[in-house]
Amino acid sequence: MSQLEEKQIKILQNIAKILCEEKKNFVITNSNAGSGSFGKCLFVEDRQDIDKIKKYAIKAQIVIDPHLQIIDNQTLQNCQDEAQILREIKHKNVVRVYEDYLIKNYHFIEMEQCDCSLQKLVESQQNPIIPQKQFIHFANQLLDGVEYIHNLNYVLRDLSLGNILICQDGTLKLCDFGLAKKFKPEMEEQMLLTKSFKGAAFYYPPEILNSKDKLLYSQKGDIQAIGVCLQMIGGIDFPSSYLITKKVNIAPKVDGECNKLIKFILNEDKDKRPSIQMIRQFIYQNLILWQHFTLYQFCKQNQIQKVNNI
Ligand SMILES: Nc1ncnc2c1ncn2[C@@H]1O[C@H](COP(=O)(O)OP(=O)(O)O)[C@@H](O)[C@H]1O
Ligand SMILES: [Mg+2]
């Protein structure tokens, strides 16, 4: 084991110890359920009522200033803001947050437990093909979640495969609202100024990456990120080449129709990049209707009179 790994394990053990000292009914079931650039996630069972054991995922983030060794109020505020936004959102495609609290040097967010991140799933998937139906199911869920958040006037600014969770029944849930921001209608073109790149650069839209001074991020940036996520679900490992070539590479695991959808979303020109509504329409016209048409042809050929779902 490398020194770094040893250090990570010590940190995780320390987090588990701090949490269980305060929450006496908690039993850690997975002390290393995922980590991001800021937080570490563990799975716990709350065994207060042994007949009704509750399972949670808990994200822990250190809030101590490394130099001064005191609580960094800005970091704590950011963690609390993230929890607050998520506590207000109740949507099937957004992770549910129940509580958040500060124990010693860590801020904890208690939330519903999902299986793993899409990142993990995509990395472990060996299947050479993803059926169109499955791909569209993923796309629709991402659109539903992001649309809901946009309608509440938030921009996510950090949508990535690591920030999308998957549950056992195939439901996708957006998580990690650490960079989410409410935008104010008076802001010019509903744009937001971001101070620096914090997420993975290849999820960012060209208007951010090409900007020399102001880093403007709008909801259209989140739409770009949906396209990048779909590209990666479709089997493109690291779509950074798009940033240089501006060419959308063919995602090898999905069919031509799905690739057309990805290309449709990833429009370099922010003003031509489709809205969520337009993407839905595209899916309906080019993929769902097309499926129905094939079914219709099939029924005609086989002289089946009535098909319920046409
Ligand atoms: N509710 C959850 N259920 C299952 N895994 C989770 C959950 N929340 C977070 N994770 C895992 O922890 C990782 C890091 O969480 P995230 O909120 O993205 O932290 P960060 O802000 O550090 O990126 C995720 O990529 C995922 O693997
Ligand atoms: Mg994250």
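So, where does ligand 1 sit? In this predicted model, domain 1 (12-112) and domain 2 (116-291) both contribute residues to the shell around ligand 1, so the ligand lies between them.

Ligand 1 is surrounded by 23 residues, and the closest are G34, G36, C41, A57 and D176. Which strands supply at least two shell residues each? Those are β1 (26-35), β3 (54-62) and β6 (116-117). With three residues, β1 gives the most to the shell.

Now, on to the core. The largest nonpolar core has 66 residues, and the members that touch the most others are I58, V95, I226, C229, I262 and I265. Helix α6 (residues 219-233) provides the largest share of this core, eight residues. Both domains take part here too: domain 1 (12-112) and domain 2 (116-291) each put at least three residues into this core.

Setting aside neighbours within four places in sequence, I262 contacts G227, L230, Q231, G234, V248 and A251.

Finally, a word on confidence, friends. The chain has a mean pLDDT of 88, with 85% of its residues at 70 or more. Over residues 305-310, though, pLDDT stays under 50, and the model has five contacts beyond four places in sequence for that stretch. Where pLDDT is low, the predicted coordinates should not be read in detail.

Note on methods. Residues are numbered from 1 along each chain as its sequence is written. Chains are lettered from A and ligands numbered from 1 in the order in which they are written. This is a predicted model: local features need pLDDT of at least 70, side-chain atom pairs count only at pLDDT 80 or more; totals for chains, interfaces and linings use all residues. A nonpolar core is a set of buried Ala, Val, Leu, Ile, Met, Phe, Trp, Tyr and Cys residues joined through C-beta atoms within 7 Å. A residue is buried if 20 or more other C-beta atoms lie within 10 Å of its own, exposed if 12 or fewer, and partly exposed in between; C-beta atoms are placed from the backbone. Helices (H or I, at least four residues) and strands (E, at least two) are DSSP runs, numbered from the N terminus. Domain bounds come from an automatic or database domain assignment. Two residues are in contact if their C-beta atoms, placed from the backbone, lie within 7 Å. A residue is near a molecule or strand if its C-beta atom, placed from the backbone, lies within 6 Å of it. pLDDT is the predictor's confidence in each residue, from 0 to 100.
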